[in-house]
Amino acid sequence: MNRVIARRIYVNISGLRVIRKSFCSDAAAKVSGANCDPPSTESEVKQSFINNDHQYDVAIVGGGMVGMALACSLASTPLTKHLNVAIIDSNPALGKLDSIKKEDPPDPRVSTVTPATISFFKDVGAWQYVEQHRHAYFDKMQVWDYTGFGYTRYNARDVNKEVLGCVVENKVLHRSLLLRMQNTDFRKTIYPSRLTSMALLPSSSPVNADGTSSTTSLFTRGRLAKLELSDGNSLYAKLVVGADGGKSRVRELAGFKTTGWSYSQNAIICTIEHANENHCAWQRFLPAGPIALLPIGDNFSNIVWTMNPKEASDCKLMNEDDFVKTVNHALDYGYGPHPKSSSLGSADMWSWLQGDATISAREHFEVPPKVIKLASERMVFPLSLKHANDYVSKRVVLIGDAAHTVHPLAGQGVNLGFGDASTVSKIIAEGIAVGADIGEVSLLRKYEAERKPANIVMMAVLDGFQKAYSVDFGPLNILRAAAFNSAQYISPLKRSIISYASGEQRLPLPLPLFSVISGFGESKRLEVTTCYILGRLKF
């Protein structure tokens, strides 16, 4: 039977242009309801013939939260909102906007977004959509360990803020970004496909004096990257952004090297229900890893529990009643007693370092609210650390998990990704303002110089916590408890920790280390810092 292959057509779904190929037979075309119509307007027909090269300013590979955040930031910035952007992702959710109903059960995949991330979402116009769905601001947090020696509490009022963060389901964050994109006139084309290959050629002669060159000519002169997709489409872009996660295809094709390791730990996540609404974030460090209880709105909270793979498998398979008992045990008297302020001295012991006492320094230890019911499936995933040695090369930049994967114990992974997206958008705007090529590595290095040190220091902090609690040893337990108590009672330290965790300031390197590396140039200083964090020396 003869088959007719329709030309590439552009269809509008929820305001987003999606490229598809349509296949049908002559016979099928005659059947009522078969949709084999050509593009409906003359301009669409012309575009389908003329735009075969599919040339774009920016190609974002990965339409998840971080990739869509970059697209929204470009769309909301005056200097970049005229750009022609391609978004490549095989996730069918990008081509449609399914509604999220309030009565829908909470999804176990959530993110704890910081005040800095909330500000970013407000700046790009997406936060208004988040607030239309289930979310939970929290203004208090309690952290303690199983030894009973120490604890610390944080309160937003310690730093004159209203909230410490907000817990939101990932599907709500993602849909809010999509809704924001729908309500702009930003030129974006979604390719529901996967990246299969990428070609980059060295720069050669300049473009024609009159500024006109074919796409092929620009590619051969190194002015464009060429991307081949799994559906047979080819497209070209001045800049390719890898926002495609920890197993990034862009990172692989561009030849970026990584450093990292597995933690030999799994995280089990799920949604649970309380008798009353929870407004506090809780985290307890246990012998095998931390357990976090995070409010997500209504009477629901999210559990993120790190443990060894065998324990994670057992917890996933046990019946609901036993799992609820296990969670309550871990958050209460399980593994050790409740901490008391007298275990390692009271506030008087730290009074010479206190400064102005914080509100939370006067708060006592509290037992988290009881879990009464499991409200979602239990999901398990392995934990690892991975960091790209470079974030940029000519016409390629990595953001989010494609550049760095961290331990989830502080919920900072996606916030680092949103910070990357914000910075890349800013750097692209700066390049456009001075007439620079947005794919030139000299411009992209500014993004790397800003984000890489910040990401590395956060990775060091999280990796340090993970390693500090991977050993159950008496003297080390005392040191850890002393750290908890110092954070509880030394006000300047507590305020610094809150500001850093909120994304508002960078945590300074330890003074001895900084004094050693301060004499190096920027590149060597960054390398030494990387070695300090990742435990390797690469002189």
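Reply: Helix axes are lines fitted to C-alpha atoms over the stretch in contact, with angles running from 0 to 180 degrees between N-to-C directions. Helices are DSSP runs (H or I, at least four residues) and strands are E runs of at least two, numbered from the N terminus. This is a predicted model, where local features need pLDDT of at least 70 and side-chain atom pairs 80 or more, while totals for chains, interfaces and linings use all residues. Residues count from 1 along each chain as its sequence is written, and side-chain values use heavy atoms, without hydrogens or water.

Me: OK, at what angle do the axes of H3 and H4 cross?

Reply: Roughly 50°, with the axes coming within 9 Å. That makes H3 and H4 oblique to each other, because under 35 degrees is roughly parallel, over 145 roughly antiparallel, 65 to 115 roughly perpendicular and the rest oblique.

Me: Which residues of H3 and H4 make the contact?

Reply: Contact means heavy atoms within 4.5 Å. H3 brings Ala69, Cys72, Ser73 and Ser76, and H4 answers with Phe120, Asp123 and Val124. That set splits into 4 nonpolar, 2 polar and 1 charged.

Me: Now Lys394: where is it found?

Reply: Look in the loop between strand S22 (392-393) and strand S23 (396-398).

Me: And how exposed is Lys394?

Reply: Buried means under 20% relative accessible area, exposed over 50%, partly exposed in between (1.4 Å probe, protein chains only). Lys394 has 24%, so it's partly exposed.

Me: What is Lys394 in contact with, leaving aside neighbours within four places in sequence?

Reply: Leu200, Ser203, Gly222, Gly439, Glu440 and Val441. Gly222 lies 172 residues away along the chain, yet its C-alpha is 9.3 Å from that of Lys394.

How values were computed: Ala, Val, Leu, Ile, Met, Phe, Trp, Tyr, Cys and Pro count as nonpolar, Asp, Glu, Lys and Arg as charged, and the others, Gly among them, as polar.
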